[in-house]
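Here are my notes on the model, written as numbered points. Please read them with the structure open beside you.

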Amino acid sequence: MTGYPTIPAPRFDVPDDEAVARARAFADTMARRRTIREFDDRPVPREVLAAAIRAAATAPSGANLQPWRFVVVTDPDTKRRIREAAEVEEREFYARRASPEWLAALAPLGTDPEKPFLTDAPALIVVFEVHQGPDTPRPYYVKESVGIAVGFLLAALHQAGLATLTHTPSPMRFLTEVCGRPAEERAYVVVPVGYPAADARVPDIERKPLDDVLVEL
């Protein structure tokens with residue numbers, strides 16, 4: 001088996017004090033990110049979405065197979081179809097699938113089966129896992145790889161001043177049909193993207209302090 005040809009590794013050396021400043025500035029920016037469910041109808045420039053997806057597609061992946069597809073939906077009729085199908089699954093979730101503990105955990109957030117953000121947001125990015133198919137190889141560590149890419153995507157969109165939401169109706173098989181994707185592509189998450197509505201509000205919650213999530217050995 002022949003390996004890839006190699007090139008010099010890119011270097012990003014910066015002085016320690018600048019590295020600390022950059023890391024803190026990025027953390028401060030990301031700390032302002034919130035899940036938004038109320039969107040303005042202001043359109044998002046296509047170039048911004050494309051650049052954010054380009055950033056997402058730089059994520060590491062198992063065997064470098066890059067098992068992701070990003071479908072940008074701005075067509076109102078397609079967004080309507082996605083919302084209608086998602087709300088069918090959500091009503092089933094809230095009525096029968098979710099455990100009492102799960103519903104209790106969601107209650108303070110005020111969520112319910114209605115998902116107006118799927119039609120209100122000017123754009124939806126539907127992220128698919130790409131599995132083995134006629135023209136695609138068997139991937140490895142698919143969910144881990146796609147999850148990292150989605151993290152990159154959310155960070156890039158936030159850096160561009162956009163608001164997002166991660167929506168995962170279950171099951172999501174309807175998205176393959178609505179988005180016209182082949183059977184080997186399986187929906188991972190729907191990311192509504194846009195600008196917060198002028199009167200948008202979010203729950204007054206806090207993140208865990210650093211000491212609760214950082215372990216040094």
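1. What is the order of the four strands in the open sheet, and with what pairing? The order is 1-2-4-3, and the pairing is antiparallel. Strands here are DSSP runs of E with at least two residues, and helices are runs of H or I with at least four, numbered from the N terminus. Two strands pair if DSSP finds at least two bridges between them. Strand 1 (68-73) and strand 3 stand at the edges with a single partner strand each, so one side of each has no neighbour in the sheet.

2. A word on the source. This is a predicted model, in which local features need pLDDT of at least 70 and side-chain atom pairs count only at pLDDT 80 or more, while totals for chains, interfaces and linings use all residues. Residues are numbered from 1 along each chain as its sequence is written, and side-chain values use heavy atoms, with hydrogens and water left out.

3. The pairings can be followed strand by strand. Strand 1 and strand 2 (residues 123-130) run antiparallel and are joined by six bridges; Val72 stands opposite Ile125 of strand 2. Strand 2 is joined to strand 4 by eight bridges, again antiparallel, and Val127 stands opposite Val189 of strand 4. Strand 3 pairs with strand 4 (residues 185-194) in the antiparallel sense over two bridges. Thr164 has Val193 in strand 4 as its bridge partner.

4. Is strand 2 buried or exposed? Eight of its eight residues are buried, where buried means under 20% relative accessible area, exposed over 50%, and partly exposed in between (1.4 Å probe, protein chains only). In a regular strand the side chains alternate between the two faces of the sheet. Both faces of strand 2 are covered, with Ala123, Ile125, Val127 and Glu129 on one side and Leu124, Val126, Phe128 and Val130 on the other.

5. Phe128, in strand 2, has a relative accessible area of 0% and is therefore buried. Its C-alpha atom is separated by 6.4 Å from that of Phe70, 58 residues apart along the chain. Leaving aside neighbours within four places in sequence, Phe128 has contacts that include Trp68, Leu175, Cys179 and Tyr188; contact means heavy atoms within 4.5 Å.

6. The loop between strand 3 (163-164) and helix 7 (174-178) holds His167. His167 counts as buried because its relative accessibility is 5%. Among the residues that His167 touches are Ala86, Glu90, Phe117 and Val189, not counting residues up to four places away in sequence.

7. Asn64, in the loop between helix 2 (46-56) and strand 1, has phi near 55 degrees, a positive value in a residue other than glycine. Asn64 is partly exposed, at 43% relative accessible area. Tyr141 is not a glycine either, yet has a positive phi of about 50 degrees. Tyr141 sits in the loop between strand 2 and helix 6 and is exposed, with a relative accessible area of 61%.

8. Finally, the record. UniProt, in an unreviewed entry, places "domain: Nitroreductase" at residues 31-195; such annotations may be inferred rather than shown by experiment. In the model, this span is 41% helix and 16% strand, and its end C-alpha atoms lie 17 Å apart.
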